[in-house]
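Me: I would like to learn how to read a structure step by step. Could you take me through it, giving the general idea before each case?

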Amino acid sequence: MKNIVILISGRGSNMQALLSANLNCNIAAVISNKADATGLAFAQARGIPTAVVSHRDHPDRESFDAALAAVIDNFKPDLLILAGFMRILTPGFVAHYQGRLINIHPSLLPAYTGLHTHARALKDGVKIHGCTVHFVTPDLDHGPVIIQAAIPVLTGDTEHTLAARILHEEHRIFPQAVRWLCSGQVELAEDGRVIDHRRNPPGIALISPALD
Ligand code: GRF
């Protein structure tokens with residue numbers, strides 16, 4: 001059974017979705033860069049080992065990432081999951097976990113990389129928005145996509161309503177991605193593309209606004 005380690009920085013609702021999903025893997029640890037991350041208590045209540053590596057205890061990104069990797073590697077992860085981990089990682093850290101490091105991002109990448117994705121989508125007037133689970137590469141929010149969920153942007157949507165509906169989808173697609181990766185059904189190939197070994201995975205069109 002594969003070992004997974006989850007990194008969080010705050011609320012941890014995506015981590016909670018993963019812990020609640022009965023995944024076919026061993027959740028070895030939940031680690032945060034913030035001691036007051038509310039998600040830590042949920043993991044502890046489930047008997048999952050937790051750790052804190054504070055970025056404030058380190059003078060630069062390199063030393064923080066080295067300390068973080070040392071703690072992570074104690075748990076021998078086959079998969080390292082960024083679930084609302086709000087630190088930019090150094091290329092060295094990303095290279096160390098190449099092919100086993102994934103992230104969830106609240107937009108349909110490659111659109112709206114970075115922060116404030118919902119506000120920017122609303123400002124642009126897009127009719128479809130969503131979320132993405134992807135492999136992490138040194139190019140921020142640009143790694144190979146594993147799964148995406150698209151939702152319609154509705155008249156009257158605010159940043160808050162949009163965030164809530166997208167978060168609901170995040171909680172559905174993230175466990176699915178981890179399930180595929182843990183079972184080997186989906187993997188990152190040497191050429192950097194995501195290989196889906198399942199036969200004829202279906203999909204449905206989302207048209208927004210809907211056709212009459
Ligand atoms: C999510 O919207 C995720 O897409 C983004 O950060 C947020 C984390 O939320 N990377 P939570 O801590 O999982 O509740």
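Me: In which loop does Lys76 lie?

Reply: Helices (DSSP runs of H or I, at least four residues) and strands (runs of E, at least two) are numbered from the N terminus. Lys76 lies in the loop between α3 (61-73) and β4, and Lys76 has a positive phi of about 45° although it is not a glycine. Before we go on, please keep in mind that this is a predicted model, in which local features need pLDDT of at least 70 and side-chain atom pairs count only at pLDDT 80 or more, while totals for chains, interfaces and linings use all residues. Residues are numbered from 1 along each chain as its sequence is written, and side-chain values use heavy atoms, with hydrogens and water left out.

Me: Which domains does the protein have, and how far apart are the C-alpha centres of domain 1 and domain 2?

Reply: Domain bounds come from an automatic or database domain assignment. Here the assignment gives domain 1 as 1-97 and domain 2 as 105-133 + 145-197, and their C-alpha centres lie 20 Å apart.

Me: How many residues of domain 1 are in contact with domain 2, and how much area do the two bury between them?

Reply: Contact means heavy atoms within 4.5 Å, and buried area is the accessible area (1.4 Å probe) that two parts lose on being put together, summed over both. In this model, 16 residues of domain 1 are in contact with 11 residues of domain 2, and the two domains bury about 1200 Å² between them, 69% of it on carbon and sulfur atoms. Asn14, Asn24 and Leu79 supply 36% of the area that domain 1 buries against domain 2, which is more than any other three residues.

Me: How many salt bridges and how many residue pairs in polar contact are there between domain 1 and domain 2?

Reply: A salt bridge is a side-chain nitrogen of Lys or Arg within 4 Å of a carboxyl oxygen of Asp or Glu. A polar contact is a pair of N or O atoms within 3.5 Å; within protein, one must be able to donate a hydrogen and the other to accept it, and residues adjacent in sequence count only if both atoms are side-chain atoms. Between domain 1 and domain 2 there are zero salt bridges, but three residue pairs are in polar contact, both residues being at pLDDT 80 or more. On the side of domain 1 that touches domain 2, β1 (2-8), α1 (13-19) and β4 (79-82) each supply at least two residues, and α1 gives the most, with four residues.

Me: Which residues surround the ligand?

Reply: A residue is near a molecule if one of its heavy atoms lies within 4 Å of it. Among the residues around the ligand are Arg11, Ile104 and Glu170. A polar side-chain atom of Arg11 lies 2.5 Å from an oxygen atom of the ligand, whereas a polar backbone atom of Ile104 is 3.0 Å from a ligand nitrogen atom. An N or O atom in the side chain of Glu170 is 2.8 Å from an oxygen atom of the ligand.
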